[in-house]
Amino acid sequence: MPGMAEAVMTLDLYSGAMDWERVYRTFHDPARVAVEIDRALCGGNGPVIFAGFQETASHLADAYPVTFIDYSPAITAHARQQYPDLEAVLTGDVTRLVGTLAHPHVVIACRLSAYWDSQTDLERLADSLRTAPRDTVLIDFFDLDQIEPGQRFLFDAADGRGEWEVLELAPPAGKEPDFNRVKMRVSYRFDDHSFSYVGARSFFRQQAIWRWSESNFPDYTLALGPPLLDRDPGFSLRLTRK
Ligand SMILES: C[S@@+](CC[C@H](N)C(=O)[O-])C[C@H]1O[C@@H](n2cnc3c(N)ncnc32)[C@H](O)[C@@H]1O
């Protein structure tokens, strides 16, 4: 069962064995991601639900009350201990927990959408977002039109090197919003250790996300923009209430 293998892989990756904070800090600058998010929130105030890099959540907490969500208990335990400036830290699936909170801003960033592997995830997210009026919703996605099999992405840094290799694209599921699961080899090398794994991630087409947004959020103005992580093959979606 491919689904089971991936579930185990996801659990292993975020069970605390890997120092993801170090990876994010080395290759992706969590503070800069927070600046991009702040810009997208257009100076709006009010509490923010945030799922993504925990250090980015902490930078955002300088300007907003932030509720950080992650479904890995190891990640949320670390966030609670390391970032007391976060207003709340919740363990669970963001696509469900958003529906229990009336926060005006919802930010699902730092490639988390790559883990949505069925249309049900997106339907659940849409239902959860609609449980309360939101001022802003911001989500980043990997872009299917920016990759092809065999392609490599390099993330060079002063003290490390990251590399992703696109191994295989699964055919689209054929339902709206359509997306493809992409098998990738991900490797990160530091001076003192390195690690590598093969995993499947979801890549989306901008037009499909646009159609999904139009049909689910008629009361919002839609905008597609650049990815939140500047070297990612991706794009971002912003919904602002009309
Ligand atoms: C922020 S993404 C980054 C992915 C990967 N490490 C990278 O850099 O490409 C990884 C985090 O998302 C969390 N996550 C994935 N799907 C989730 C979901 N549906 N709800 C809450 N957290 C989720 C994982 O537990 C993990 O901590």
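This is a predicted model: local features need pLDDT of at least 70, side-chain atom pairs count only at pLDDT 80 or more; totals for chains, interfaces and linings use all residues.

Thr56 belongs to helix 4, which comprises residues 54–60. Beyond the neighbours within four places in sequence, the contacts of Thr56 are Pro30, Val33, Ala34 and Cys110. Arg231 lies 175 residues from Thr56 along the chain, with a C-alpha separation of 17 Å.

## Helix 3

Two of the contacts of Thr56, Val33 and Ala34, are also among the buried residues of helix 3 (residues 30–40), a set made up of Pro30, Val33, Ala34, Glu36, Ile37 and Ala40. Around the axis these residues cover an arc of only 160°, which puts them on the same side of helix 3.

After helix 3 comes Cys42, which has a positive phi near 55°.

## Helix 7

Helix 7 spans residues 119–129, and Leu122, Leu125 and Leu129 are buried in it. Viewed down the axis, the buried residues of helix 7 fall within an arc of 60°, so they line one face of the helix. Their packing partners are helix 6, strand 4 (105–108), strand 5 (136–143) and helix 8 (206–216).

## The nonpolar core

The largest nonpolar core contains 56 residues, of which Ile37, Phe50, Leu60, Val66, Val107 and Ala109 touch the most other members. Strand 5 contributes the largest share of this core, with five residues.

Not counting residues up to four places away in sequence, Phe50 touches Ala57, Leu60, Val66, Thr67, Phe68 and Val107.

## The ligand shell

The ligand is surrounded by 17 residues, and the closest are Tyr71, Ser72, Val94, Cys110 and Tyr115. Cys110 is also a contact of Thr56. Strand 2 (66–70) and helix 6 (94–97) each provide at least two residues of this shell. In terms of class, the shell consists of eleven nonpolar, three polar and three charged residues.

## Glu87

Glu87 sits in the loop that joins helix 5 (73–82) to strand 3 (88–91). Because Glu87 has 14 C-beta neighbours inside 10 Å, this residue counts as partly exposed.

Apart from neighbours within four places in sequence, Glu87 is in contact with Pro47, Pro65, Val66 and Thr67. Ala77 is ten residues from Glu87 in sequence, and their C-alpha atoms are 14 Å apart in space.

## Backbone exceptions

Asp29 has a positive phi, near 50°, and lies in the loop between helix 2 and helix 3. With 17 C-beta neighbours inside 10 Å, Asp29 counts as partly exposed. Arg111 likewise has a positive phi, near 75°, and is placed in the loop between strand 4 and helix 7. Arg111 counts as buried, with 20 C-beta neighbours inside 10 Å.

A cis peptide bond, with omega near -10°, links Glu176 to Pro177. Pro177 is located in the loop between strand 7 (160–169) and strand 8 (179–190).

## Overall architecture

The protein chain contains eight helices and eleven strands. Its radius of gyration is 17 Å, close to the 18 Å that the globule rule gives for 242 residues, so the chain is as compact as a globular protein of that length. The C-alpha trace spans about 45 × 45 × 30 Å along its principal axes.

Of the 242 residues, 36% count as buried. Among contacts with a separation of 6 or more, 60% join residues 24 or more positions apart.

Technical notes
Residues are numbered from 1 along each chain as its sequence is written. A residue is near a molecule or strand if its C-beta atom, placed from the backbone, lies within 6 Å of it. Helices (H or I, at least four residues) and strands (E, at least two) are DSSP runs, numbered from the N terminus. Ala, Val, Leu, Ile, Met, Phe, Trp, Tyr, Cys and Pro count as nonpolar, Asp, Glu, Lys and Arg as charged, and the others, Gly among them, as polar. A residue is buried if 20 or more other C-beta atoms lie within 10 Å of its own, exposed if 12 or fewer, and partly exposed in between; C-beta atoms are placed from the backbone. Two residues are in contact if their C-beta atoms, placed from the backbone, lie within 7 Å. The arc is that of the directions from the helix axis to the C-beta atoms. A nonpolar core is a set of buried Ala, Val, Leu, Ile, Met, Phe, Trp, Tyr and Cys residues joined through C-beta atoms within 7 Å. The radius of gyration is taken over C-alpha atoms; the globule rule is 2.2 Å times the number of residues to the power 0.38.
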